[in-house]
Amino acid sequence: MTQAKKVLVTATNYSTLCAEAKQLLESHGCEVIENKLGRPHTFEELKPLVGDIDAVVAGVDTWDEAVFQLAPKLKIIARFGVGVDNIDLEKAKQYGIRVTNVPGGNANAVAELAVGLILGAMRNIPGLHQSARRGYWDRFVGAELIGRKIGLLGFGNIAQMVAKKLQGFDVQLYAYDKYPNVEKAKALHVTLTSYEEILRESDVVSMHLPSLKETHHFMNRETFGMMKDGSYFVNTARGAVVSEEALAEALKSGKLAGAAIDVYEQEPVSADNPLFQLPNLITTPHTAAETYETYHKVSLTTAQAILDVFQNKVPENIVV
């Protein structure tokens, strides 16, 4: 009798939100091992789980050589999302492990939250919510989006959707990308320019760059210093592209009127993170992609990629 293939799922809420994908795997004889922590695994937590797994549906846990050495049967890491900065791609290739992702799978969800965070920061919605619930009648003079210059750092799928959604607010849209999609920019009425120009001229800067060696701490003291006084900064990309220390300084000094972030340099984020002491910062716990629609779409795509590899087929969206 053929032994069941073991699929470790480190993405959360799999049975609840990905029932169809789980059923697809199980109908093909797979044993699904779910994340019971409700958060990313540490290396110590992965150690007892990976010894006999054949595949992983990976959240944002770290997958590097230390893990690969403990997982001799691992054939594929199907990233539950787009970013693969938590996976050592070169080592995965050396160990013969396929890596796939789901480009565009969570783009709409992230774009919607990015727009929500922009509005939340400019109108202090979370702060007013908490105030009202305590029975206070605090007033807050916010800023309107209409007529503002919105700068997008990065112009991939998510940034393009942000641009599309913001058009109805009658804003001026600008974007920087190392390899820009000129046709998309033209169709969405986005002016392509340098990142320096975006930082100097934008009232709101929304971060959408990938986490790479060359983008580590892309936003630092120097780049925050280039931004307009009283502007806003939003990050739904990756925590590593922003120096949290520099962001805190920009918020404390008043260089930034406000900021909203969904991602952090260290995740899960600690309750004593100094950023949490700042009243002009809105935070969410890396939840931009957390929608029913995203879970459904991404889970089915990752499950199919795993089955393809088990059946010696070439899966879609291969990274390595």
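Just after α12, G254 takes a positive phi of about 90°. Helices here are DSSP runs of H or I with at least four residues, strands are runs of E with at least two, and both are numbered from the N terminus. The model is predicted, so local features need pLDDT of at least 70 and side-chain atom pairs count only at pLDDT 80 or more, while totals for chains, interfaces and linings use all residues. Residues are numbered from 1 along each chain as its sequence is written, and side-chain values use heavy atoms, with hydrogens and water left out.

Helix α12 spans residues 244-253. Its buried residues are E244, A246, L247, A248, A250 and L251. Buried means under 20% relative accessible area, exposed means over 50%, and partly exposed lies in between, with a 1.4 Å probe and protein chains only. The cover over these buried residues of α12 includes the helix α11 (221-226). It also includes the strands β10, β11 (256-261) and β12 (281-283).

The fold as a whole was then described. The protein has 13 helices and 12 strands. Its radius of gyration is 21 Å. A compact globule of 320 residues would have a value near 20 Å, so the two agree. The radius is taken over C-alpha atoms, and the globule rule is 2.2 Å times the number of residues to the power 0.38. Along the principal axes, the C-alpha atoms fill a box of roughly 70 × 50 × 35 Å. Of the 320 residues, 46% count as buried.

Contacts were counted between heavy atoms within 4.5 Å. Among contacts between residues at least 6 apart in sequence, 61% join residues at least 24 apart. The protein exposes about 16000 Å², and carbon and sulfur atoms supply 51% of this area. Accessible areas come from the Shrake-Rupley method with a 1.4 Å probe; for residues, only the protein chains shown count as cover.

Charges were examined next. The protein carries 32 positive and 38 negative charges, and their mean positions are 2 Å apart. Lys and Arg count as positive and Asp and Glu as negative, while His and the chain ends are not counted. Each charge is placed at NZ of Lys, CZ of Arg, CG of Asp or CD of Glu.

A search of the whole structure finds 15 salt bridges. A salt bridge is a side-chain nitrogen of Lys or Arg within 4 Å of a carboxyl oxygen of Asp or Glu. One of them joins K73 and D54, at 4.0 Å from N to O. K73 lies in the loop between α4 (65-68) and β4 (76-79), and D54 in the loop between α3 (43-46) and β3 (55-58), so the pair ties together parts that are 19 residues apart in sequence. K73 is partly exposed, at 31% relative accessibility. D54 is buried, at 1%. Both residues also belong to a network of salt bridges that links D54, K73 and K75.

A second salt bridge joins R238 and D85, whose closest N and O atoms are 2.9 Å apart. R238 lies in the loop between β10 (231-235) and α12, and D85 in the loop between β4 and α5 (89-94), so this pair ties together parts that are 153 residues apart in sequence. R238 is buried, with a relative accessible area of 15%. D85 is partly exposed, at 38%.

A further salt bridge forms within one helix. R200 and E197 meet at 3.2 Å, N to O. Both lie in helix α10 (residues 195-201), 3 residues apart, about one turn of the helix. An α-helix has 3.6 residues a turn, so residues three or four places apart point the same way. R200 is partly exposed, with a relative accessible area of 42%. E197 is partly exposed as well, at 30%.

Helix α8 (residues 157-166) holds A159. This alanine is buried, at 1% relative accessibility. Not counting residues up to four places away in sequence, A159 touches L152, G154 and H208. The C-alpha atoms of A159 and A175 are separated by 8.5 Å, and these residues are 16 apart along the chain.

Several backbone features complete the description. A cis peptide bond joins E267 and P268, with omega about -5°. P268 lies in the loop between β11 and β12. N124 is not a glycine, yet has a positive phi of about 55°. Its place is the loop between α6 (107-123) and α7 (125-133). N317, also not a glycine, has a positive phi of about 60°. N317 is found in the segment after α13 (292-310), and is partly exposed at 29% relative accessibility.
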